[in-house]
Amino acid sequence: MKVCIAEKPSVAREIASVLGATTKRDGYYEGNGYAVTYTFGHLCTLFEPADYKPYWKSWDLNNLPMLPEKFEVKVANNEGIKKQFKIVKSLFDKADVVINCGDAGQEGELIQRWVINKANYNGKVQRLWISSLTTEAIKEGFNNLKPAENYDNLYYAGFSRSIGDWLLGINATRLYTVKHGGYKQVLSVGRVQTPTLAMLVNRFKEIENFVPQPYWELQTLYRDTLFSYEEGRFLKMEDGEVLANKVKEHDFEIVSITKKKGTEYAPKLFDLTGLQVYCNTKFGFSADDTLKIAQKLYEKKAVTYPRVDTTFLPNDVYPKVKGILSKLTDYSTLTEPILNKKIKKSSRVFNDKKVTDHHAIIPTGMQTHLQYNEQQVYDIIVKRFIAVFYDDCKVSNTTVIGKAADVNFKTTGKEILSKGWRVVFEKKDTSTALSTTKDKLLPTFEKGEKGPHEPSFLEKQTKPPKQYTEASLLRAMETAGKQVEDDELRDLMKENGIGRPSTRANIIETLFRRKYIKRNKKQILPTVTGIQLIDTIQNELLKSAELTGSWEKQLKDIEKGEFSASAFIRGMKRMVDALVYEVRSEKVQTRISAVNNKPISKSKSKPKTKSKTSTLVGSACPKCKTGSLLKGKSAYGCNLYGKSCDFTLPFNFGDKKISEKQYIRLLTKGSTVNLKGFKIDGSTQQGLLRFDEAFKLKFEPKQTAKKTTIKAGDTCPKCKTGQILKGKTAFGCSNYKSGCDFRVNF
């Protein structure tokens, strides 16, 4: 009997129906010489620490580091899982051959190998390797079964990854929890999650500590077109003012017009990270949501295997393209133009060297009923696939240089000459389609023409980097924190990214579950605990995206047979050993408790630098809302003062100097605190400052509460029934035994 083992019951059902194993049994399908059984993901897991040594159960620094000589696997402690494992083992005991039908990837290989090994099966094993669950793909896969040994390196890479995560995760989590954790606070530290959290914390602090720097831009408006000073911005106002005054006196003249034809290529096919980034940006889906939807589309046979890290197709897919396109009848208006001629074959799409286990995510041609969110994801996968077979988009890039006096200005525009692939993404509304054919349409300029213009010289401020969104965080994980916009360069860096495409969503969700990060609309911000944890971890290697990226490279090399699994595990053990020694010898300065996991605010995280980050200069004018505040010789004022706004805040009011801190409080909370030393109408008074309706300062004297005298025998003002008693240190109510807690200390 041939025994097939799949990763999920739903996948087993699809395979069984193709093989003719139509009889349903408890835990498997049977028929036509086959038994098709399944796991539920991980039936087997690595040993817990206490499984090696009972005393390792205790979270004690003296037990660290925990470095097993040999790593063992056990059946998970769950009754349903134990029952299914017995069924699988009983089938293996009767098998002539076992066919591993697990997900065709590193994790799928690991899950099934652990089950096969734990069941002590020593017979022949073959591997089914398919990229979609269509009947055609399953039949083709069974006609081309591979020896299991071909995938040994894939298993070694998966096993090494799992051991590396165990070694660092369990040892470092216990180490930091015992050393730095507060009451009932577990401090989770991981090989991938900690560098990811560090990236978020570092970006947050970079923004928090950012000090805006002023710069000036010289621009001019000529024939309703904005031209900018060709050499860019000015860092000194005086330098720009000289030129600004100069150009006012002269007409504007067109010096040159350059048109350059260019090509815009269709967007690349999706890998998993690209799909998650797109869906987070366009639809607001989390990375985890997108992965789950893509997995459902795969199981519904609508798209190919989604947990992939390549945007290319192998050459052997090219002959199938026409068949896939012709089956996409819901998109016939888009497919007809390319089906009526020879299908384009580009090296930007087909490249065997860029494909390892699986190719990019593409539709299978199977059309089925989908839920709304599934349809959104499916639609963009299909359109990306169709678009790569359209002609390139041809554009004309225009650069116009003009001058006033001898000062050069520049503007650019783009004209789309031939839409090519762009028609695939156009809206059905024709008016919208027409409006997208030009980008910054320029008037027709003639070289040598002259005319009046309207120059402007504006002060602006540098802006901090943006907080991470889930989309930008995924891209940062893909490139180990490096800022990379170019698709080609990003492809080269994928081997050194943090985590795998299939695990990144889970890493982000783990950080949410641990309450180390929180969402603020689309932004992802670290919590107080998240920041404290990264601040507490002094070992830079633990937080290093580059180191984690190099581990990923080593795991990829194990998969390729170019690096040894034992060398990787030895390296991890050495690092854990050194880490434990280092942290155990640290003096405890912090104890972290999850008292408040709201996204941290500036005032809470760095009280000492508040005066640097919370300043009046640069903040928005409270009166006109458009200007920003500047510091003058005797007052703060709006930068539009004398033009459209008259707002000022004098340094002194009522013969008293008002601090910047008090003015910040006035802007944020509506008043200063009560201050002493005001001289109002010839007398010294105490009070606070507010704005009147015209945003002028007004003084409010301190309100003093009238003191009421309390004496023994009076009726209690709180419960109205008891009497006031006089004790040794305070007055109290005679009803204190029956619940009245009124008390006034002497």
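These notebook entries record what I looked up in the structure.

**Entry 1: ground rules**

I worked with a predicted model, in which local features need pLDDT of at least 70 and side-chain atom pairs count only at pLDDT 80 or more, while totals for chains, interfaces and linings use all residues. Residues are numbered from 1 along each chain as its sequence is written, and side-chain values use heavy atoms, with hydrogens and water left out. I took helices (H or I, at least four residues) and strands (E, at least two) as DSSP runs, numbered from the N terminus.

I asked how many disulfides the structure holds. A disulfide is here a pair of cysteine sulfur atoms within 2.5 Å, and the structure holds 0. I then looked at cysteine 4: its sulfur lies 4.3 Å from the closest cysteine sulfur, that of cysteine 101, which is too far for a bond. Cysteine 101 is likewise in no disulfide. I noted for reference that a disulfide is a covalent bond between the sulfur atoms of two cysteines.

I also looked up accessibility, where buried means under 20% relative accessible area, exposed over 50%, and partly exposed in between (1.4 Å probe, protein chains only). Cysteine 4 has 0% relative accessibility and so counts as buried. Cysteine 101, at 5%, counts as buried too.

**Entry 2: helices α4 and α6**

I looked up how helix α4 (residues 106–118) packs with helix α6 (residues 152–180): their axes are 8 Å apart and the angle is about 90 degrees. Axes are lines fitted to C-alpha atoms, for helices over the stretch in contact, and angles run from 0 to 180 degrees between N-to-C directions. This angle makes α4 roughly perpendicular to α6; the class covers 65 to 115 degrees, whereas under 35 counts as roughly parallel, over 145 as roughly antiparallel and the rest as oblique.

I counted a contact where heavy atoms lie within 4.5 Å. On α4 the contact includes Leu110 and Trp114, and on α6 it includes Tyr155 and Phe159. By class, the contact has 6 nonpolar, 4 polar and 4 charged residues. Here Ala, Val, Leu, Ile, Met, Phe, Trp, Tyr, Cys and Pro count as nonpolar, Asp, Glu, Lys and Arg as charged, and the others, Gly among them, as polar.

I asked how many residues of α18 are buried. The count is 7 of 9, so α18 is largely enclosed by the rest of the structure. Among the buried residues are Val528, Ile531 and Leu533. The elements that cover them include α6, α7 (193–208), β19 (523–526) and α19.

Isoleucine 537 lies in the loop between α18 (528–536) and α19 (540–543). With 0% relative accessibility, isoleucine 537 counts as buried. Leaving aside residues up to four places away in sequence, isoleucine 537 touches Tyr176, Val189, Thr194, Leu542 and Lys543. Valine 189 is 348 residues from isoleucine 537 in sequence, yet the C-alpha to C-alpha distance is 9.5 Å.

Two strands pair if DSSP finds at least two bridges between them. Strand β10 (residues 214–222) pairs with strand β11 (residues 225–229) in the antiparallel sense, over 4 bridges. Tyrosine 222 has threonine 225 of β11 as its bridge partner. The hairpin of β10 and β11 has 2 residues between the strands, and arginine 223 takes a positive phi near 50 degrees there. Tyrosine 229 has phenylalanine 409 of β14 as its bridge partner.

I found an open, antiparallel sheet of 3 strands in the order β20-β21-β22. Its edge strands, β20 (629–631) and β22 (648–650), each pair on one side only. Neighbouring strands of this sheet are turned by 20 degrees against each other on average, direction ignored.

Another open sheet of 3 strands has the order β25-β26-β27, again with antiparallel pairing. Its edges are β25 (675–680) and β27 (697–701); each has a single partner strand, so one side of each is left without a neighbour in the sheet. Strand β26 (residues 683–691) is joined to β27 by 5 bridges, and arginine 690 stands opposite lysine 698 of β27.

Which strands does helix α24 (residues 660–669) lie across? I found α24 across β20, β21 and β22, at about 145 degrees to β22. Helix α24 also lies across β25, β26 and β27, at about 45 degrees to β26.
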